[in-house]
Amino acid sequence: MDQNSASVPAPGVPADTMSGVHISRDVTDLDRRIVVALQQDGRASWTSIAEFAGASVSTVTRRGQQLLAEGVVRVGIVPTLGSEGHVETFFVRINCTPGAQLAVAQALIGSPYVRFVTLVTGKFDVFAEVVIPGDSANYAHVLTDLQGIPGVERWRSDLVVHTYKVSFDWGRQLYDSHAEPTADPQSYMPAPNTCDPTHFDDADRAIVKELSINGRASFLSIAAKLDMNESSVRRRYERMRSAGCLTTVTMVPASALGMSAETLLMLRVEPSHLASVAQTLAQHVSVRFLATVLEENSLYCEIILPSTETLHDFLTGTIAHLKGVRGWNAAMELVFMKRGFIETPWWRAQVASAEAAIH
């Protein structure tokens with residue numbers, strides 16, 4: 001990637017009332033194209049991003065660095081799930097005592113076992129994903145500790161038995177020519193995990209730790225921090241990436257791209273139609289995450305759409321017509337606080353902005 005990348009600031013940047021991150025100017029179409037390009041390749045060079053965005057390299061570099069510095073977008077690179085041994089994943093829905101939602105969510109953010117956390121509307125207050133390494137002997141220990149967080153009133157855990165889709169490039173739907181549904185199932189299915197613990201040593205883990213903080217950090221800057229040779233850092237990164245050991249997480253508040261309908265659905269599906277319903281839904285670019293959970297033959301589906309009107313159209317025009325779908329429960333995402341094991345850089349400001357508006 002280009003050497004002139006920007007570092008990501010610590011959480012707590014000032015906020016505006018719309019997106020929860022400090023934006024000193026309007027988010028333009030060029031900004032959105034830069035973000036969409038970063039969603040597709042978080043370490044893409046500013047030159048290649050400029051080609052996608054249709055603007056000069058200097059303009060795209062300046063705009064892109066500003067978006068990163070403001071916390072509008074954050075790129076992090078983390079180990080692929082399960083790359084260091086067997087894991088089981090649980091989808092968790094939580095009810096909190098009145099007024100305890102933020103404190104519970106913050107405690108969950110601090111847990112290394114929690115991959116994502118969001119405040120939601122509906123019957124529950126907080127949704128989270130808990131990833132537990134090892135065998136079933138660890139499940140009770142981790143889940144019991146988390147259930148003991150002060151303010152947790154009710155905790156409901158569902159085992160994720162199969163993941164159909166994980167995508168960070170949902171912004172492509174802003175540009176129709178880049179969002180055509182694909183007929184190739186492998187293009188939206190998670191890549192096979194060919195990594196194992198032997199592919200990591202202490203130096204590799206140190207490199208990945210730096211990249212989790214700033215996924216666009218140059219190899220030169222990482223080498224300087226770790227007192228390593230730049231070529232060694234580059235070689236180790238390429239080896240881990242080629243082995244499928246790394247996942248790039250590009251995060252952006254949906255509102256920054258003009259999206260206002262982030263929704264979590266629990267679809268009730270007839271057992272004989274689970275695979276066909278999942279395959280159909282996975283082809284939609286607006287579907288960010290899709291997995292089967294153990295309870296009630298359910299599909300957990302996260303969708304990101306421009307408005308409640310387009311959400312209505314998707315529910316009534318697409319999901320309602322899928323053979324085997326019996327119904328669904330839904331919750332709107334209010335504040336996304338952690339994704340891909342990385343804390344989002346905007347949630348603190350988003351909450352502060354909402355509290356200031358109330359008072």
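Hello everyone, and a quick note before we look around. Because this is a predicted model, local features need pLDDT of at least 70 and side-chain atom pairs count only at pLDDT 80 or more, while totals for chains, interfaces and linings use all residues. Residues are numbered from 1 along each chain as its sequence is written, and side-chain values use heavy atoms, with hydrogens and water left out.

Let's begin with the whole chain. You will find eleven helices and eleven strands in the protein chain; helices (H or I, at least four residues) and strands (E, at least two) are DSSP runs, numbered from the N terminus. Of its 359 residues, 52% count as buried. Buried means under 20% relative accessible area, exposed means over 50%, and partly exposed is in between, with a 1.4 Å probe and protein chains only. The accessible surface of the protein chain is about 15700 Å², and carbon and sulfur atoms own 52% of that; these areas come from the Shrake-Rupley method with a 1.4 Å probe, and for residues only the protein chains shown count as cover.

A contact here means heavy atoms within 4.5 Å.

Now please find helix α1, residues 29-40. At 1.5 Å a residue, its twelve residues should span 16 Å, and the end C-alpha atoms are 17 Å apart, which agrees. That expected span is 1.5 Å times one less than the number of residues. Several α1 residues are buried, including Leu30, Ile34, Val35 and Leu38. What do the buried residues of α1 pack against? They pack against α2 (46-53), α3 (57-70) and β6 (246-251).

Gln39 lies in helix α1 and is buried, with a relative accessible area of 6%. Leaving aside residues up to four places away in sequence, Gln39 touches Phe168, Asp169, Trp170, Gly171, Arg172, Thr250, Val252 and Leu257.

Another glutamine, Gln173, is found in the loop between β5 and α6 (202-213). Gln173 is also buried, with a relative accessible area of 16%. Gln173 and Val285 are 112 residues apart in sequence, yet 6.3 Å apart in space, C-alpha to C-alpha.

On to the core. The largest nonpolar core has 27 residues, and those with the most contacts inside it are Ile94, Leu108, Val117, Val130, Leu146, Trp155 and Met337. Among the elements that each supply at least two residues of this core are β2, α4 (101-109), β10 (325-339) and α11 (347-358). By nonpolar core I mean a set of buried Ala, Val, Leu, Ile, Met, Phe, Trp, Tyr and Cys residues joined through side-chain atoms within 4.5 Å. Not counting residues up to four places away in sequence, Met337 touches Leu102, Ala105, Ile109, Val117 and Trp347, among others.

Next, the rings. A search of the whole structure finds eight aromatic pairs. Rings of Phe, Tyr and Trp (its six-membered ring) pair if their centres lie within 6.5 Å; planes under 30 degrees apart count as stacked, over 60 as edge-to-face and the rest as tilted. Phe91 and Tyr300 make a stacked pair, 4.2 Å centre to centre with 20° between the planes. This pair links distant parts of the chain, with Phe91 in strand β2 (residues 87-96) and Tyr300 in strand β9 (residues 298-305), 209 residues apart. Phe91 and Tyr300 are both buried. Phe219 and Tyr237 form a tilted pair: 5.4 Å centre to centre, 50° between the planes.

Phe91 and Tyr300 also belong to one aromatic cluster with Phe116, Phe124, Phe127, Phe289 and Phe336. The charged end of Arg339 sits over the ring of Phe336, 3.9 Å from its centre. For that label, NZ of Lys or CZ of Arg must be within 6 Å of the ring centre and within 35 degrees of the ring normal.

Last stop: backbone angles. Most residues other than glycine have a negative phi. Asp227, in the loop between α7 and α8, has a positive phi of about 55° although it is not a glycine. Is Asp227 buried or exposed? At 73% relative accessibility, Asp227 counts as exposed. Phe341, in the loop between β10 and β11 (342-343), has a positive phi near 70°. Phe341 is partly exposed, with a relative accessible area of 30%.
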